[in-house]
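Here is a friendly briefing to read beside the structure. Have the sequence and the model open as you go.

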Amino acid sequence: MQFPGGFKPPHGIVFDAAFGDNLDDLAALTLLMGLDAKNECRAISLSTTKENLGSAGLFEVFQKLYGGRPVAVGMAVNGHGKATTPILDAALAGQTVSVQSVLDTAEPHGNIRNALTGQPDGNVSIIATGPMDNLQALLHLYKAKPWIESKVKALYLAGGATKAPEGWPGKVVVVPQIDAELMPGADALVPGFSWNEKHPFAQALKVGGAKYSTGAVAAVLAAVRPNAFSLDKMNVEEARKVLTEVLPAKPAPRMRPGRPPV
Amino acid sequence: MITRKALSRRAVLRGIGATIALPALDAMAPAMQSSQLPGGKPVRMAFVYVPNGIDMSHWTPEKAGPITSLPRILKPLEPFQKDISILSNLTHNTGRALLDGAGDHGRCCGSYLTGVQPRKSAVDIQCGVSMDQLVANEIGKKTRFASLEVGLEDARQAGDCDSGYSCAYTNNLAWRSETQPLPPVLDPRMLFERLFGQNADLSPEARTRQAKYRKSILDYVRTDTQRLEGKLGPTDRRKLDEYLSSIREIEMQLERAEKDTRRIDPMMEKPYGIPADFAEHFKLMTDMITVAFQADLTRVVTFLVTREGSSRPYREIGIPDGHHPLTHHMNKPDLMEKVTQINTYHATQFGGWLEKMKSIQEDGASLLDNSMIVYGAGLSDGNKHTHEDLPTLIAGRAGGAIKPGLRRVYRRETPMSNLFLSMMDIMGVHAENFGDSTGRIAGLDLA
């Protein structure tokens, strides 16, 4: 439903991951929420392909930390990914999680579909880093395909995801493996989280290891700041600068929505 | 006509200038058409819609599972605790703005039974076929009226009623097609005549005679009634007596209402046959719906209690403020209290209807048992205009398809359309999809 002449909101990001399985996803979400707080984008749908309440609950923790209008968190109910991970446990340590049962979550495919319906044409990027279960279900949802065709600018596949669901309409970008040096080291980042020492990403960094893949992070940069970052030729120095600035930053108080120049 | 064989399902009582349909009588078996479910009684479906959202803090029971106590707004339904199901987390995404800006009232009512977002226009309206009409299209041929649409508040059908949304959206629940709403009947006399008095048979002269001598329409069919009674067993005689008594009671209510109307200040816009008292109007309409269900004149009803966005005051309970403005209370306690009182008042009237439905027996079950009546609103929080976790209650067992007495909580953002798909199944109408459904509702029939 378009309202011609109306205000165009920030670029919408649908984020779908086996959330909690790796540091890249946590870094990507931290970056995404940081840019959302600056009104450079809007996290319009968050979903996990893991049938894991901690994974879904972690999304909610991030939403509470960064403010803004919260969205229902989608969680697949497919029997996959039920086991927790050291990264997930570290991220959740000391957090107050309100997701206590599957009823506190939404069906991912319906949730993503609903998020698309509220966006202008071509104003959405989907970043998917895990199994394609949720996007597969979305594609086969009654009348969802026209929404995907009109609203989604690109589907970014990062991390373990390399193949879009069969029949996926529109542009698909398989994010190449970016040099791990893209990410600033933990020593550079952790002090910046002094505003919240229990920040999930900061806690996960301590157990996650020094090096990790950064496909999801690169996808967020490319989707939100396409003029500054290209996946084909990533400006590593500039990316590190942005990541050092945005990742640990305390979110600024929410401003009226606006789309600053990129 | 009445014969010595099993009474025809289509038998009527005839007299000079009048015809009255009969309720379902045992004497009609095996002429009775089989219904959707074992037991032989058809399932009736109704929707009762209240506007402007509901104070959810006083609507939602504390816990999921068996209902052990009811919150304040639903307290009037305590006698029916075991007959109702309270559903949580049902959502109409199509009621949200979705880039169309203001107009939640127009959208929420337009989308309530259609599952689509109505077009934002005051003139070029487009909505969707409502779920009740999909059912009526399939099963309506089995009854005299495919569906009935009733309401209590007079409201225009054209113009801009909410930020660019046509009044057609706020003032109608049922939609026959994408562009054809089915306006509710507001006048109880009109509804009565539609149901029980065939206008073509009752000439203006006959009407005048009736009014002048205060003759009941039942008097016209007295001879036929006596002939029929002689052929019925005791159970059927009782049923017939109850049924005819209901008609007579309604006639008397109408006569009283007419007198009240004449005493009303001429400032009132339409003083014809509509009671000034809200509760009385509500009761009149639901009494007639009950008889219509009982006589199988229809199996599908929508009841728009007041139009969406209604600013009706409720002086009868000491609230002179308009309903809609009150719901934008900005969390002021005194205003919130008034909203809760209005919500409770509505629920009280609904409870009166349930009592009536429960009192009527059909083959060892009540009419309520053989029905499913959805009571709810298109908004949850009227102050914030939220479209998720819509207040939704189903009264009745739908002939055994629903196990009531429970609060059922669904996953967040579960489409209301999923519920409607399941209800269509119960009515014997199968559809793959409806509105923005993602599937069928789970667990309605946990037995």
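In chain B, helix H1 (residues 104-112) lies across strand E3 (44-49), strand E11 (300-304) and strand E14 (371-376), running at about 175 degrees to E3(B). Helices (H or I, at least four residues) and strands (E, at least two) are DSSP runs, numbered from the N terminus. Axes are lines fitted to C-alpha atoms, for helices over the stretch in contact (heavy atoms within 4.5 Å), and angles run from 0 to 180 degrees between N-to-C directions.

This is a predicted model, where local features need pLDDT of at least 70, side-chain atom pairs count only at pLDDT 80 or more, and totals for chains, interfaces and linings use all residues. Residues are numbered from 1 along each chain as its sequence is written, chains are lettered from A and ligands numbered from 1 in the order in which they are written, and side-chain values use heavy atoms, leaving out hydrogens and water.

**The sheet of chain B**
- An open sheet of 8 strands has the order E4-E16-E5-E15-E14-E3-E11-E6, with mixed pairing; strands pair if DSSP finds at least two bridges between them.
- Its edge strands, each pairing on one side only, are E4 (65-66) and E6 (148-151) of chain B.
- E4(B) pairs with strand E16(B) (residues 406-415) in the antiparallel sense over 2 bridges, and Pro66(B) has Leu406(B) as its bridge partner.

**Between the chains**
- In chain A, 24 residues are in contact with 19 residues of chain B.
- The rule finds 1 salt bridge across this interface: Arg412(B) with Glu60(A), closest N and O atoms 3.9 Å apart (a side-chain nitrogen of Lys or Arg within 4 Å of a carboxyl oxygen of Asp or Glu).
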